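This briefing sets out selected features of a predicted model. Please read the points below alongside the sequence and the coordinates.

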Amino acid sequence: MNENFDIAVIGGGHAGVEAALAAARLGCKTLLFTISLDQIANMPCNPSIGGTAKGHLVREIDALGGEMGKAADACFLQSRMLNRGKGPAVYSLRVQADRVKYHNYMKHVCEKTENLFVKQAEITDIQVQDGKVCGVVTSLGTVYPVKAAIIATGTYLNGRIHIGTVSYESGPDSALPSRELSKNLEKLGLPLRRFKTGTPCRVHRRSIDFDAMEIQNGDDEIVPFSFSTNPDGLQNTVSCYITYTNAETHKIIQDNLDRSPMFTGQISGVGPRYCPSIETKIVRFADKPRHQLFVEPMGMETEEFYLQGMSTSLPEDVQVAFLRTIKGLENVEIMRPAYAIEYDCVDPTHLRPTLETKSIQGLYGAGQFNGSSGYEEAAAQGIVAGINAALKLQGRNPMILDRASSYIGTLIDDLVTKGCEDPYRMMTSRSEYRLILRQDNADYRLMPVGYEIGLLPEERYLDMCVKYKLVEQEKKRVEKTNIAPSEEINKFLESHGTAPLHTGCKIADLIRRPQLNYNVIKDFDVQRPDLPSVIGEQVEIQIKYEGYIEKQEAQISRMRKLEEKLLPADLDYTTIRGLRLEAAEKLNARKPENIGQASRISGVSPADVSVLMIYDKLS
């Protein structure tokens, strides 16, 4: 093509969409390539957005100026806030979404975005000249000159589906795979490996006995994903259901393990540790008498239901047999059988924190290509890759989010520093700063970053500033305002299992009591202004967890001091006296950018970090 473009995004899944939108909105002329326009932002696995820790990622994408949170709200069917029985650090929003509507929404957003050109084509080659990306080539031989490329191939890259002994080249949902690009990437020197994931079958609504299952309704109080969405416009319209496997289910699966490609050696790719197939669960957790599965609708205009927790690669006849042993599924009709899919991905330690490859300038990776799993993890990497590709072409400083700024920063640091031996999944336990990195304050943490970059509109940034000004004002008010003891309030306190007042106390002191909260004492707080509920939520969290938050902020300060100590890219660590041989080998292989990153590499001990600190002072 004679026309020049700035950035090519290869793949139109959740990573590719966020990457392309970010790059185009930052002013770069961007191409979004997808093997099929009908697969843009497809949900080939579960029809939902969010979940434990994943909900944090969606909120952070939204705060930076991304689209996933808005799309989830626009295609909303039901929402639940997970982990309500625990502290706010691990609250995680999960939305049941309309699968087809979500695809249509994202496709249309891409089509309407200025500077973004959507193309149905398979990319077979990435052209590199003098160590820099200079173009991409389609399977039809068309060459598009570009200055940067983002690989967001999901499970399409050299994809192969397995159902029992049947195996064939395919992307998800029997779409065409990307067959030739892997060869090109290997020629370019990228270290590829083979991963595997799977998806459960889809079944017909009429074949499900919902009365035999536990119903799972959405929350009464609906919380949107996007900070810009009005919750008044959201309404739960569907129910989900829970049922369980049993001894008969397990026996059928065990008796047919010799027909599972997971156990016959037919599949060579490494599967996910935290979302295993049902046959893996049966073998790995042989002492468990049952396993839970969720029955979830795929949308409002389809009769398909999804069986969450039942991914498998067993033959279709075995799938029918074991499903019909489960309560409520005795007459189940499978519409789409479950399958496992293998695909190629890169060793993420070959990437920089910007998600640019270390060996080729202008070549970025995002999503499952980087070894992660999940829509949300993919979208988070996509927006980072899209932003950084655009910033580099514009001669601006990169956006690097550290572990203390976000779950996105934690995700990327884990991938590029520690690597992964199986598909990486974000969990709240992966963050050492999770009390700071709550989903409720993602706007406070990341909207200034999105606004400074130019991706977040000024109106949204100013709304955030007003919100937290109100939070600060209200926090100061409750810390200064007294409540006098009275018969009425003491009776109230005793009814809530907490001590009565003998002298006056600050409202903030009552909020700090475990048995009380900001809302429950409102009748005794006569000077309280009329504020949105999100203001009270922030006031309560900041007051209740003040001491713990201060401790984490001190930890963050120490970590960031290590991050400020940069290490030369060409440093030979074997020349540093006092550094253990294992550490030197690991450091030479990974080439960390600073001492903080070096400290998180497996095989580098605290003593090795001390040696690097001494080296930094002497150099």
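Strand 8 and strand 9 (residues 143-145) pair in the antiparallel sense, with three bridges between them. On its other pairing described here, strand 8 is joined to strand 7 (residues 123-129) by six bridges, and these two strands also run antiparallel. The model is predicted, and the points below are grouped by topic.

- Strand 8 spans residues 132-138 and is mostly covered, with five of its seven residues buried.
- Four residues lie between strand 8 and strand 9 in their hairpin, where G141 takes a positive phi near 90°.
- Strand 7 and strand 8 likewise form a hairpin, with two residues between them.
- In the turn of the hairpin of strand 7 and strand 8, D130 has a positive phi of about 55°.
- Q129 has K132 of strand 8 as its bridge partner.
- In a regular strand, side chains alternate between the two faces of the sheet.

- Strand 11 (residues 160-163) and strand 12 (residues 166-169) run antiparallel and are joined by four bridges.
- I161 stands opposite Y168, a residue of strand 12.
- The hairpin formed by strand 11 and strand 12 has two residues between the strands, and G164 in the turn has a positive phi of about 60°.
- Strand 11 also pairs with strand 20 (residues 339-346) in the antiparallel sense, over three bridges.
- The bridge partner of H162 in strand 20 is A340.

**Cysteines**

- How many disulfides does the count give? The count comes to zero.
- C45 is in no disulfide, and the nearest cysteine sulfur, that of C275, is 6.4 Å away; the cut-off for a disulfide is 2.5 Å between sulfur atoms.
- C45 counts as partly exposed because its relative accessibility is 21%.
- C345 is also in no disulfide, the nearest cysteine sulfur being that of C420 at 6.8 Å.
- C345 has a relative accessible area of 0% and is therefore buried.

**T280 in helix 8**

- T280 has its place in helix 8, which covers residues 278-284.
- Is T280 buried or exposed? T280 counts as buried, because its relative accessibility is 13% and the limit for a buried residue is under 20%.
- Leaving aside residues up to four places away in sequence, T280 touches M262, F263 and F285.

**Second largest pocket**

- The second largest pocket holds about 1,200 Å³ of space.
- Its lining comprises 36 residues, of which V223, S533, V534, I535 and E537 are the closest to the centre of the pocket.
- Helix 12 (442-453), helix 13 (458-480) and helix 16 (533-544) are the elements that give two or more residues to this lining.
- Which helix gives the most to the lining of the second largest pocket? Helix 16 does, with eight residues.
- By class, the lining of the second largest pocket has 17 nonpolar, 11 charged and eight polar residues.

**Cavities**

- Rolling a probe the size of a water molecule over the atoms shows where empty space is left.
- Two cavities of 30 Å³ or more are found in a search of the whole structure.
- The largest cavity contains about 50 Å³ of space.
- The largest cavity is lined by Q78, R80, L82, R94, V95, Q96 and Q216.
- Strand 4 (76-82) and strand 5 (92-97) are the elements that give two or more residues to the lining of the largest cavity.
- The lining of the largest cavity divides into three polar, two nonpolar and two charged residues.
- The second largest cavity has a volume of about 30 Å³.
- L351, R352, P353, K358, R590, K591, P592, E593 and Q597 line the second largest cavity.

Technical notes:
Residues numbered from 1 in each chain as written. Predicted model: local features only at pLDDT ≥ 70, side-chain atom pairs only at ≥ 80, totals over all residues. Heavy atoms only, no water. 1 Å grid on protein atoms, 1.4 Å probe; cavity = no way out; pocket = protein on both sides within 12 Å on 5 of 7 lines; lining within 4 Å. Points joined across faces, edges and corners; volume = space filled by probe spheres on them. Nonpolar A, V, L, I, M, F, W, Y, C, P; charged D, E, K, R; others polar. Pairing = 2+ DSSP bridges. Buried < 20%, exposed > 50% of the residue type's maximum accessible area, 1.4 Å probe, protein only. Contact = heavy atoms within 4.5 Å.
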